[in-house]
Amino acid sequence: MNKALVLGASGGMGYSIVQELAQRRIDVIAFARGKEKLAKLFANVEKVTIISGDAFNLDHLKEAAMDVEVIFHAMNIPYPEWEKRLPVLMGNVLEAAREATAKLVLVDNIYAYGRSPGALVTEQTPKKPHTKKGKIRLQLEMMAQRSNLPVLIAHFPDFYGPNANNTLLNYTFESVIKNKKAMFVGDRKIPREYIFTPDGAKALVELALMDSAYGENWNIPGSGVITGEEIVAILRELLGYNKKVGTVTKGMIQFMGLFNPMMREVVEMMYLYEEPVVLDGGKLARAIRHVPKTPYKEGIKQTIEHMLRNFNRSDSVSRRTM
C-alpha cells in the first residue's frame with residue numbers, strides 16, 4: 001500500500017488510522033468536513049494530505065479517492081440520521097472505491113450481532129440484530145458484500161483513546177478532568193469491552209496490508225473487559241479525583257429522550273450495558289503476528305494526557321482572548 005484515503009479522519013478511529021498509516025510511511029489523505037479541525041490534528045504530521053469535503057457529494061469523494069489503493073471508511077453521523085442517510089453514504093463510498101479500483105476497509109461496530117449469545121462472539125456467530133440501528137448496520141454490511149469489491153469489514157467494541165471525543169467514556173473523562181461531578185453510563189459493576197483506538201488502528205492497518213484479509217469479516221477486540229468501577233478507580237489514581245460519580249440509567253435516558261432526539265435513539269442500545277457483547281479475537285490472532293492490546297490503565301492514561309494537552313491549549317487561548 002503506497003497511498004490510502006481515510007474518510008472520517010477527524011473522528012476517533014479515523015484519527016488513529018491516519019496516524020498509523022503515516023508512521024508506516026504510507027501517503028495518506030485525511031478526509032472530513034471540517035478543514036480547520038483537520039489542519040489542527042495533522043498540521044505537523046508527515047505523509048498526510050488534508051482534503052475537506054462532503055462525503056454525501058459523490059464528486060468530492062471521487063476526487064479524494066483518485067489514485068489511492070485503499071479507502072478506510074471510518075465516518076459516522078448522528079443516530080437520528082442513520083436510517084435515511086447511512087445507506088446513501090455507503091453507496092457513495094462504494095461508487096468512489098469502484099471508480100478508483102481501490103480496496104475498501106470498513107470500520108464497524110457490534111450492533112449487527114444483536115444480543116449477547118452468552119459467550120464470546122466470533123465471526124461465525126449469526127447476526128441477529130433486534131434494534132433498528134443493528135438492522136441498519138447489517139444492511140450496510142450486505143451492501144458492501146454485494147458490491148463485488150474487495151472489502152474488509154472490521155467489528156470493534158466501543159472506542160476510547162486520543163481524539164475519540166464522541167464516546168461515552170469521553171463523557172465521563174471530560175468531567176473528571178474538569179474536576180466536576182462525573183456520570184458513568186450503565187451499571188458500573190458489569191464488565192464491558194472497550195478498544196483503545198491506536199490498538200484498533202494498528203490491527204486494522206495490518207489486516208489492510210494483507211490481500212487475504214479482504215472478502216472477510218474480522219472481530220478486533222479490546223484488552224479484555226473492565227468494569228466502570230475499575231475505570232473510575234484508575235481515574236482517581238491518575239488525577240486525584242475524589243468527587244462522587246453518578247450513574248446514568250436507562251430510565252434517565254428515556255426521560256431525556258422526551259426532549260432530545262439523540263437520547264431517544266440511545267435508549268434502544270442500552271441492552272449493551274446490561275448484557276455486553278464481547279468479541280472473540282482468535283481469528284485476528286491467527287492472522288497477524290502481534291495483536292496490540294494496551295492495558296486499560298495505560299490506555300486511559302494516554303487518553304487523559306491527550307485530553308489535558310488539548311484542554312490546556314484551549315484554556316490558554318481563552319485566557320489570551322479575554
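Select helix 6 and look for its buried residues: L169, N170, T172, F173, S175, V176 and I177. Buried means under 20% relative accessible area, exposed means over 50%, and partly exposed is in between, with a 1.4 Å probe and protein chains only. Helices (H or I, at least four residues) and strands (E, at least two) are DSSP runs, numbered from the N terminus.

This is a predicted model, in which local features need pLDDT of at least 70 and side-chain atom pairs count only at pLDDT 80 or more, while totals for chains, interfaces and linings use all residues. Residues are numbered from 1 along each chain as its sequence is written, and side-chain values use heavy atoms, with hydrogens and water left out.

Stay with helix 6, which covers residues 168-177. Seven of its ten residues are buried, so the helix is largely enclosed by the rest of the structure. Next, select N179, which follows helix 6 and has a positive phi, near 60°.

**The whole protein**

Zoom out. The protein has twelve helices and twelve strands. Its radius of gyration, taken over C-alpha atoms, is 19 Å, close to the 20 Å that the globule rule (2.2 Å times the number of residues to the power 0.38) gives for 322 residues, so the protein is as compact as a globular protein of that length. Along the principal axes, the C-alpha atoms fill a box of roughly 55 × 50 × 45 Å. Of the 322 residues, 53% are buried. The accessible surface, from the Shrake-Rupley method with a 1.4 Å probe and, for residues, only the protein chains shown as cover, comes to about 15,300 Å², and 50% of that belongs to carbon and sulfur atoms.

**Helix 1**

Select S16 in helix 1 (residues 12-23). Is S16 buried or exposed? At 6% relative accessibility, S16 counts as buried. Apart from neighbours within four places in sequence, S16 is in contact (heavy atoms within 4.5 Å) with T197, P198 and A201. Across the protein, 75% of the contacts between residues at least 6 apart in sequence join residues at least 24 apart.

Strand 9 (residues 192-196) pairs with strand 11 in the antiparallel sense, over two bridges.

**Rings**

The whole structure holds seven aromatic pairs. Rings of Phe, Tyr and Trp (its six-membered ring) pair if their centres lie within 6.5 Å; planes under 30 degrees apart count as stacked, over 60 as edge-to-face and the rest as tilted. Select Y160 and F196, a tilted pair at 5.4 Å centre to centre with 40° between the planes. Y160 lies in strand 7 and F196 in strand 9, so the pair ties together parts that are 36 residues apart in sequence. Y160 is buried, at 2% relative accessible area, and F196 is buried at 3% relative accessibility.

Move to Y79, W82 and Y111, which ring pairs link into a cluster.

For the last stops, look for charges over rings, where NZ of Lys or CZ of Arg is within 6 Å of the ring centre and within 35 degrees of the ring normal. The charged end of R85 sits over the ring of F56, 3.8 Å from its centre. Return to R192, whose charged end sits over the ring of Y273, 4.1 Å from its centre.

Methods:
Two strands pair if DSSP finds at least two bridges between them.
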